Amino acid sequence: MRPPRFVPLACPRCGADLVGRAEDAVAFCRGCRGAYRVDGAEPSPVEAFQVPSGAPASPVRMLPFWNAGGLLLPAFATPRPLRLARLASRAANRERQPGVPDPPPVGARFAPEAAARLLPLLGAEISDPVPEELVALPLLPSDAPHRFHLLAGGPVLFGEDLGDLGPEPQGG
């Protein structure tokens, strides 16, 4: 059995390094702000949008969500995916801006096919259940070290909601 090896991923568009973890289905480019599926043989582009935080002076971590017809599904590991899907869908601003912000969202852990399994649990009836685009929502730290706001002044999240992101997400 061979040990695992590190394979660097270069952005197909600009050649910069793609940012993501080994488990991620989507990685992001800091150079051109592109998003790419990296779970296949070659990186393939994914459409990505951001929702402005409304508080640019605050440290911001962008969270990736799959957009399924306006219903946002977490694209990262969390023990509470249904709660996050409901909160994000309610809080998301319709005014999306093209491009992935810098810093880019944390890598998207789940491929759209995996996230789409949540749709029936949310009572969604969508003709094409596999989302094809990402929406990056800002997560802002609050006064308490274990609480965060999804969007400026939006719903409060707790460290356990963010699962594999760790207790204190920071920008960068």
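Modeller: Let's start with the surface: the chain exposes about 9,100 Å², and 53% of that is supplied by carbon and sulfur atoms. Keep in mind that this is a predicted model. Of its 172 residues, 43% count as buried.

Biologist: How do you know how far to trust the model, in terms of pLDDT?

Modeller: The mean pLDDT of the chain is 81, and 85% of the residues reach 70 or more.

Biologist: What pattern does the chain follow along the sequence?

Modeller: The pattern reads β-β-β-β-β-β-α-β-α-β-β-β, made of 2 helices and 10 strands.

Biologist: Why is Ala-27 called buried?

Modeller: Buried means under 20% relative accessible area. Ala-27 has 3%, so Ala-27 is buried. This residue lies in strand S2 and touches Leu-18, Val-19, Gly-20, Gly-34, Ala-35, Tyr-36 and Val-38, leaving out residues up to four places away in sequence.

Biologist: And why does Thr-78 count as buried?

Modeller: The same cut-off of under 20% applies. Thr-78 comes in at 13% relative accessibility, so Thr-78 counts as buried too. You'll find Thr-78 in the loop between strand S6 (71-74) and helix H1 (81-91).

Biologist: What makes the approach of the Thr-78 side chain to the backbone oxygen of Asp-161 a polar contact?

Modeller: The N or O atoms must be within 3.5 Å, with one able to donate a hydrogen and the other to accept it. The side chain of Thr-78 reaches that backbone oxygen at 2.4 Å, so the distance passes. The Thr-78 side chain also reaches the backbone nitrogen of Arg-80, at 3.2 Å. Beyond four places in sequence, Thr-78 is in contact with Leu-84, Asp-161, Leu-162 and Gly-163.

Biologist: Which residues of H1 are buried, and what do they pack against?

Modeller: Leu-84, Ala-85, Leu-87 and Ala-88 are buried in H1. The buried residues of this helix pack against strands S5 (61-68), S6, S8 (133-141), S9 (147-150) and S10 (156-158).

Biologist: How many aromatic pairs does a search of the whole structure find?

Modeller: The search finds 1 aromatic pair. Phe-65 and Phe-76 form this pair, with 5.6 Å centre to centre and 85° between the planes. The link is between Phe-65 in strand S5 and Phe-76 in the loop between S6 and H1, 11 residues apart.

Biologist: Why is that pair called edge-to-face?

Modeller: Centres must lie within 6.5 Å, and planes over 60 degrees apart count as edge-to-face. With 5.6 Å and 85°, the two rings pair and are therefore edge-to-face. Both Phe-65 and Phe-76 are buried.

Biologist: Which residues touch the most other members of the largest nonpolar core?

Modeller: Of its 19 residues, those are Val-26, Phe-28, Ala-35, Trp-66, Leu-73, Leu-119 and Leu-134. The elements giving two or more residues to this core are strand S2 (26-29), strand S4 (44-50), S5 and S6. A second, separate core has 16 residues, including Leu-87, Leu-139, Leu-151 and Leu-162.

How values were computed. Residues numbered from 1 in each chain as written. Predicted model: local features only at pLDDT ≥ 70, side-chain atom pairs only at ≥ 80, totals over all residues. Heavy atoms only, no water. Helix = DSSP H or I, 4+ residues; strand = E, 2+ residues; numbered from the N terminus. Buried < 20%, exposed > 50% of the residue type's maximum accessible area, 1.4 Å probe, protein only. Contact = heavy atoms within 4.5 Å. Areas by Shrake-Rupley, 256 points an atom, 1.4 Å probe, with all protein chains shown as cover. Phe/Tyr/Trp six-rings, centres within 6.5 Å; stacked < 30°, edge-to-face > 60°. pLDDT = per-residue confidence, 0-100. Core = buried A, V, L, I, M, F, W, Y, C linked by side-chain atoms within 4.5 Å.
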